[in-house]
Amino acid sequence: MPPKHNQCSPSNNNSQLSADEKETFLQLYLLIDGVKCHYKYKPLRDFAFAVGVSVRSVRNWKKKKADDADLKLTRKTRSDKGQTVFNSNKRRRQNHGPSMMFKRAKVQGACRRGESITSEEVRGQWIALDGTDRAEYRTLSEDSLDRAPLLMKEVQQALMKTNGSISWKLLESVVRGGSGNVKLVSADSIRRFITSMDNFEYTKTRINPKLDEANKLRRYMFTK
């Protein structure tokens, strides 16, 4: 299996299906499974592609159903659901530890150079670091952990200054403090947390021209 590379941009996973959708799609697949088809038609592969999941997922659904006909396919509920660096000390310690800050710095540096770096390579470099170099990332980690509880306030201030007219990527850069600094939170994390708020909604900014009475009169006369 080839090593997993850290990509410069996050992947887009569209295969998160609900339990009811899994059940429905599995029933559809079982209807066509075993039917003699043209040799170019691969039911398992083509069905997985049409649904938008991996072939392994469909195999797993089928195996579970074969082991227990009354089994209901359900999605696992994560124990840390809803916990982010904005509201969880545990997640902050996980994401802002010394080794994670080192990994982020290495991945960002590789991205800027147009290169890729594997997790194994980053882990090997971290193990090879001496105490002095590690102390630098421990200090960076402590500073990040001290700042982490205030990240949401920084995001809110940036949104207020720009009247919400700012991209998620630029918002991430503002919170980071510049492209040269280590990323504290990703644009996707900011987007997911902000859009999950109950009172969140997208609005279009309308710019109304500031007209004095003379301008208003001229416009009125022009329309007549």
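Mentor: Start with burial: buried means under 20% relative accessible area, exposed over 50%, and partly exposed in between, using a 1.4 Å probe and protein chains only. Bear in mind that this is a predicted model, where local features need pLDDT of at least 70, side-chain atom pairs count only at pLDDT 80 or more, and totals for chains, interfaces and linings use all residues. Residues are numbered from 1 along each chain as its sequence is written, and side-chain values use heavy atoms, with hydrogens and water left out.

Trainee: What makes Arg-147 and Glu-154 a salt bridge?

Mentor: The term needs a side-chain nitrogen of Lys or Arg within 4 Å of a carboxyl oxygen of Asp or Glu. Here N to O is 2.7 Å, so the pair qualifies. The whole structure has six salt bridges.

Trainee: How do you know that Arg-191 and Asp-188 form a salt bridge?

Mentor: Their closest N and O atoms are 3.4 Å apart, so they pass the 4 Å limit. Both sit in helix α10, three residues apart, which means about one helical turn between them. Helices here are DSSP runs (H or I, at least four residues), numbered from the N terminus.

Trainee: And what is the distance between Arg-176 and Glu-172?

Mentor: That salt bridge has its closest N and O atoms 2.5 Å apart. Arg-176 is buried, and so is Glu-172. They are four residues apart in helix α9, about one helical turn.

Trainee: What makes a set of residues a nonpolar core?

Mentor: They must be buried Ala, Val, Leu, Ile, Met, Phe, Trp, Tyr or Cys, joined through side-chain atoms within 4.5 Å. The largest one has 24 residues, and Phe-86, Leu-151, Val-155 and Ile-190 have the most contacts inside it. Among the helices that each supply at least two of its residues are α8 (151-161) and α10 (187-195). Apart from it lies another core, of six residues, including Leu-44 and Trp-61.

Trainee: Which residues does Val-155 contact, neighbours within four places in sequence aside?

Mentor: Phe-86, Leu-171, Val-175, Ile-190 and Ile-194. Contact means heavy atoms within 4.5 Å, so each of those five names meets that limit.
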